[in-house]
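This briefing describes a single protein chain, topic by topic. Please keep the sequence and the model at hand while reading.

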Amino acid sequence: MSGAVLPVTVSLRKPGRGASPLRVLMLHGLASGGNVWDRYLALSQDQPHEVWTAELPWRAEQARGWTERSPAHWVARAMAQVPDGPDVVVAHSFGSCALLAALDGQGSDPDHPEDEGPDAFARHRLRGVVLVSPFYRATPEEFTWESISYYLNGFDRILAEGLRVQSGGRVTGELRQDMALKVRERVGPYGWTAFFDTYLRTPYLRTERLRGPCLVIGGETDFSSFPSDSEALGAALPDATVKILGDCGHLAMIEQADGFAQLTNDFLESAASRPRPARRTKPISPRGSGTDD
């Protein structure tokens, strides 16, 4: 790879309690970071599960050259760093797209498709997945030239809204717009294209293979990943529950922190009661997730 690429890192943010606590990995979205989960962590200190957060290369600092690998590759790297692998993955926004691509096996060996297996959850030994503000459309025809224009020309508006929410409304006016434009420059054309290409591929996800329990959480006023995306994804997954939170935009874990924490913790409690799938003898890696950096 050309240039230096910062490694994907995961950090243990909340130790578990009990003999075998559930291991939870949380993935952030584009131009965000592991701190997006801070409010949830503060509200979940009394929960027994163990929580790890990832710093992915599409974080706010934008690791150089990350688009030379697929988003699924980086998710696989993060999952591999959790000791014995996560039991549940919670993913937000673009992180949800990347997770779905990884679970779908976009990159398993095309010469040995039988290695994928029919159940992506069993292949990754997952007990459940939480998808927050996911980007998803059911058919290719739902993408139009207007779709591209909306996400390209309105990208700074989407970033500015994220800054507003994460700053608690303290960053306003011209300062917020200037900051949004600087973030847009850090993401760059390649970063934006990686996001939109992953979104464009969602109609081709083999959702029937994602057989495990899923919780899909959307925001009623989200103008980035619309509530209809969450509803469509829930309808496409074999075992999904969809919750659309009122008075909530793209960052449910901040805007509706109490409701988000309650939904997530209830889901995790249910996941803890299910047995974990047995370990495979031959691990599968998503596309482009070789051992090199």
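Which residues have the most contacts inside the largest nonpolar core? They are Leu25, Leu27, Trp58, Leu99 and Phe195, in a core of 54 residues. The model is a predicted one, in which local features need pLDDT of at least 70 and side-chain atom pairs count only at pLDDT 80 or more, while totals for chains, interfaces and linings use all residues. Residues are numbered from 1 along each chain as its sequence is written, and side-chain values use heavy atoms, with hydrogens and water left out.

**Overall architecture**

- The protein comprises 10 helices and 7 strands; helices (H or I, at least four residues) and strands (E, at least two) are DSSP runs, numbered from the N terminus.
- Of its 293 residues, 54% are buried, where buried means under 20% relative accessible area, exposed over 50% and partly exposed in between (1.4 Å probe, protein chains only).
- Among contacts (heavy atoms within 4.5 Å) between residues at least 6 apart in sequence, 83% join residues at least 24 apart.

- A nonpolar core is a set of buried Ala, Val, Leu, Ile, Met, Phe, Trp, Tyr and Cys residues joined through side-chain atoms within 4.5 Å.
- Leaving aside neighbours within four places in sequence, Leu99 is in contact with Leu27, Val75, Met79, Val89, Ala91, Val129 and Leu131.
- A second, separate core has 26 residues, including Val165, Phe260, Ala261 and Ala271.
- Helix H3 is largely enclosed by the rest of the structure, because 10 of its 10 residues are buried; among them are Phe94, Cys97 and Leu99.
- Gly105, with a positive phi near 75°, follows H3.

**Aromatic pairs**

- The structure holds 20 aromatic pairs; rings of Phe, Tyr and Trp (its six-membered ring) pair if their centres lie within 6.5 Å, with planes under 30 degrees apart counted as stacked, over 60 as edge-to-face and the rest as tilted.
- Phe94 and Phe195 form an edge-to-face pair, 6.2 Å centre to centre with 80° between the planes.
- This pair links distant parts of the chain, since Phe94 lies in helix H3 (residues 94–103) and Phe195 in helix H7, 101 residues apart.
- Phe94 counts as buried at 0% relative accessibility, and Phe195 is buried with a relative accessible area of 5%.
- The rings of Phe143 and Tyr199 are also edge-to-face, because their planes stand at 85°, with centres 4.9 Å apart.
- Phe143, in the loop between strand E5 (128–132) and helix H5 (145–153), is 56 residues from Tyr199 in helix H7, and both residues are buried.
- Ring pairs link a cluster that includes Trp58, Phe94, Phe143, Phe195 and Tyr199.

**Largest pocket**

- The volume of the largest pocket is about 660 Å³.
- On a 1 Å grid over the protein atoms alone, a cavity is a set of points where a 1.4 Å probe fits but cannot get out, and a pocket is an open set with protein on both sides within 12 Å along at least five of seven lines; lining residues have an atom within 4 Å of a point.
- Grid points are joined across faces, edges and corners, and a volume is the space filled by probe spheres set on the points.
- The pocket is lined by 37 residues, of which Leu30, Ala31, Ser32, Gly162 and Gln166 are the closest to its centre.
- Helices H6 (155–166) and H7 (173–200) each supply at least two lining residues, and H6 gives the most, with 9 residues.
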